[in-house]
Amino acid sequence: DHADLVRSLAVKSMEAGVREELIQGGCVPSMLSVVRGHAELNPTMVRDAMLSLGNLSALPSGAAALLNAKGGIAAILPGLSSTDPETARLAALVVANVAASGDAGRLAVCDAGLVTPMLALLRSGD
């Protein structure tokens, strides 16, 4: 089942020693695809994908993979306004990790229009 695979990858992404292997194996574009394609259909699967992306984007290679993936960081935008506080928190983590990765990350976050939703999330207290 697709949801079980996404959950399994989310759990694996919590293991620091496995993250680089997941990045090299194409996990970032796969998780972005889940985020883009399953928001209304399966919110739990989207949360698990955000967990993976949050963990993987903590590495420079993961942030770079996110920036280079089709749709890139802009795919995170719906997660910032999720009604599920954990999904929104994880989406904010992804954005923060990418912004912290360097000038290209900060520029991508601004270009994708993620600053205003991040500020709205901060103001909401969720």
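"Buried" stands for under 20% relative accessible area, with exposed over 50% and partly exposed in between (1.4 Å probe, protein chains only). This core has 38 residues, and L32, L53, L66, I73, I76, L80 and V95 touch the most other members. Two or more residues come from each of α1 (2-12), α2 (19-24), α3 (27-37), α4 (43-56), α5 (60-68), α7 (85-100), α8 (103-111) and α9 (115-124). I take helices as DSSP runs (H or I, at least four residues), numbered from the N terminus.

I note that the model is predicted, so local features need pLDDT of at least 70 and side-chain atom pairs count only at pLDDT 80 or more, while totals for chains, interfaces and linings use all residues. Residues are numbered from 1 along each chain as its sequence is written, and side-chain values use heavy atoms, with hydrogens and water left out.

Next I picked L53. Leaving out residues up to four places away in sequence, L53 touches V28, M31, L32, V35, L66, I76 and V94; contact means heavy atoms within 4.5 Å.

**α1 against α4**

I checked how these two helices meet. Their axes (lines fitted to C-alpha atoms over the stretch in contact, with angles from 0 to 180 degrees between N-to-C directions) come within 8 Å and cross at roughly 30°. That is why I call α1 and α4 roughly parallel, a label for angles under 35 degrees. On α1 the contact uses H2, A3, V6, R7, L9 and A10, and on α4 it uses M45, D48, A49, L51, S52 and N55. I sorted them into seven nonpolar, three polar and two charged residues. Here Ala, Val, Leu, Ile, Met, Phe, Trp, Tyr, Cys and Pro count as nonpolar, Asp, Glu, Lys and Arg as charged, and the others, Gly among them, as polar.

**α1 against α3**

For this pair I found axes within 12 Å, crossing at roughly 130°. H2, V6 and L9 of α1 meet C27, M31 and V34 of α3.

**S13**

Where is S13 found? I located S13 in the loop between α1 and α2. S13 counts as buried because its relative accessibility is 0%. S13 and N55 are 42 residues apart in sequence, yet 5.9 Å apart in space, C-alpha to C-alpha.

Note on methods
A nonpolar core is a set of buried Ala, Val, Leu, Ile, Met, Phe, Trp, Tyr and Cys residues joined through side-chain atoms within 4.5 Å. Angles under 35 degrees count as roughly parallel, over 145 as roughly antiparallel, 65 to 115 as roughly perpendicular and the rest as oblique.
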